[in-house]
Amino acid sequence: MFRAHAPSLVAAALLAAAGLSCSDPSTPSSPNSISSAQRATRGGPTLTPQASGTTARLIGVNAVNQNVAWVSGAEGTFAVTTDGGDTWRAGVVPGAEALQFRDVEGVSAREAYLLSIGNGSDSRIYHTTDGGESWELQFQNTDPNAFYDCFAFWTPNRGFAFSDGVNGRFPVLRTTDGETWQDIGDNLPAAEPGEASFASSGTCTAAQGGKRGWIGTGGPDARILATTDGGDTWTAYSTPIVQGAPEGASGIFTIDFRDPHHGILAGGDLVRESEVLPNVARTSDGGATWELVTPFPFGTVFGLNYVNKAGLPAVFAVARGGVAWSPDEGETWNELPDFLDYWAVSFATQHAGWMVGGEGRIVKISF
């Protein structure tokens, strides 16, 4: 959301805050791989600060594999590593110096997508195929009332991007060729008045397998919009987390799935950002129903991600007031309070994750 035309209390809170899986596995991993992953997370993570090469606020991160990761942020900034974070190369997209890149999708060391937020023409999608040496503008919003928050991809050339509701409709985009974007908003349920998403980390959307996707919303209601057919049809489901705050600044900020059925979401209330509220929930039926679990200990969650890709329940979550990880999908949280002002986190494997935040901070996470 982070909208320039939000109500005054919300705008104040947001200004203060701003200060590719291609398979659809439904069977569990082998006992040996599960045992190994469980042992790796039992002892907790090693966190290693890395030099990003920029002092811009970093807001989005996508770990492609153990060597390659992309990050994005304010002032038109992006950065990429190809050696596991030992070195990062940062840059600014020409013509985008005033934009905030709140989401990034890495495909390889050479290919990535960036999404910038803002009203009207500030919402854009860029694409590179040469490691960030040049960027192609693929989409620029022309609706002054639309505001694109985040995107997610099933494959390097199939994905969707979500905008806040406009006149009862979500103008969601979809690409099937990695080059052009089409409006599929008529495929989605109607938007409630004031219903929107939060562009806190680029994780208000999630894609899993070849066709499953989810969108988390906030405002009057905190709903999940889900598709199982690549965006042709969508269904809305209610969630039990904090929502409906008078200022419209509460709801779902971040969502992730570890297999087609099991997922976790988190959020909070930006006006009461540091308060511990009922803000974490999980599902075991693909997002149709959700149950509350233990609230995040540092208040509003900006981003979360499953620690490994073996279908196991360990989760790492970040907030401006601290970060924490859960070995059991939100039943318990292990606090790491010394890490402040982090916005997003992404894992390629349990040994290769990164979180990013203010003043160009990047920290590698390994379990």
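This is a short tour of a predicted model, stop by stop.

Residues are numbered from 1 along each chain as its sequence is written. In this predicted model, local features need pLDDT of at least 70 and side-chain atom pairs pLDDT 80 or more, while totals for chains, interfaces and linings use all residues; side-chain values use heavy atoms, without hydrogens or water.

**Whole chain.** Colour by secondary structure. The protein has 2 helices and 28 strands (DSSP runs: H or I of at least four residues, E of at least two, numbered from the N terminus). Of its 367 residues, 60% are buried (under 20% relative accessible area, 1.4 Å probe, protein chains only).

**Largest nonpolar core.** Select L115, I125, Y148, F151, A161, L173 and W181. These have the most contacts inside a core of 16 residues (buried Ala, Val, Leu, Ile, Met, Phe, Trp, Tyr and Cys joined through side-chain atoms within 4.5 Å). Strand 7 (112-117) and strand 10 (148-155) each give it two or more residues.

Now centre on F151. Beyond four places in sequence, its contacts (heavy atoms within 4.5 Å) include D103, Y113, F160, G202 and T205.

The order is 22-23-24-25, with antiparallel pairing (at least two DSSP bridges between two strands).

Finish inside the sheet. Strand 23 (315-319) pairs with strand 24 (322-326) over 5 bridges. V315 stands opposite S326.

How values were computed: Buried < 20%, exposed > 50% of the residue type's maximum accessible area, 1.4 Å probe, protein only.
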